[in-house]
Amino acid sequence: MSAYCQVTQTRPQFGHAVSHAQNKTKRRFNPNIQKRTYFVPSMKRNVTLNLSARGIKVIDARGIESVVAELIARGEKI
């Protein structure tokens, strides 16, 4: 599973790990990806999504129906 949120489209970011001696080494900042299953009444089935913690909050605020409609309009595989 890649580190990608289907709702917020968050992907890994890249930067440096900086030690006390200011040595810089490459590192990767991964989003907090969770696999969640929601029941969508309009589709009459369960939908499994890979979501970041922020994406879960978006679904809680806006509702699964509007988020799934946006994903379908965007062409995201559900």
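**View 1. The largest nonpolar core.** The largest nonpolar core of this predicted model has 15 residues, of which Val7, Tyr38, Leu49, Leu51, Ile59 and Ile64 touch the most other members. A nonpolar core is a set of buried Ala, Val, Leu, Ile, Met, Phe, Trp, Tyr and Cys residues joined through side-chain atoms within 4.5 Å; buried means under 20% relative accessible area, exposed over 50% (1.4 Å probe, protein chains only). S3, S4, H1 and H2 each supply at least two residues of this core, and H2 gives the largest share, four residues. Helices (H or I, at least four residues) and strands (E, at least two) are DSSP runs, numbered from the N terminus.

**View 2. Surroundings of Tyr38.** Beyond residues up to four places away in sequence, Tyr38 touches Arg45, Asn46, Val47, Leu49, Leu51, Ile56, Ile59 and Ile64. Contact means heavy atoms within 4.5 Å.

View 3. In H1 (residues 53–62), Gly55, Ile56 and Ile59 are buried. Seen down the helix axis, the buried residues of H1 fall within an arc of 105 degrees, so they line one face; the arc is that of the directions from the axis to the C-beta atoms. Strand S3 (33–40), S4 and helix H2 (64–74) are among the elements covering them. The face turned away from the buried side carries the exposed residues Arg54, Lys57, Asp60 and Ala61.

**View 4. Ser52 in strand S4.** Ser52 lies in S4 (residues 45–52) and counts as buried because its relative accessibility is 5%. Leaving aside neighbours within four places in sequence, Ser52 is in contact with Cys5, Thr8, Asn32 and Ile33.

**Notes.** Residues are numbered from 1 along each chain as its sequence is written, and side-chain values use heavy atoms, with hydrogens and water left out. Local features need pLDDT of at least 70 and side-chain atom pairs count only at pLDDT 80 or more, whereas totals for chains, interfaces and linings use all residues.
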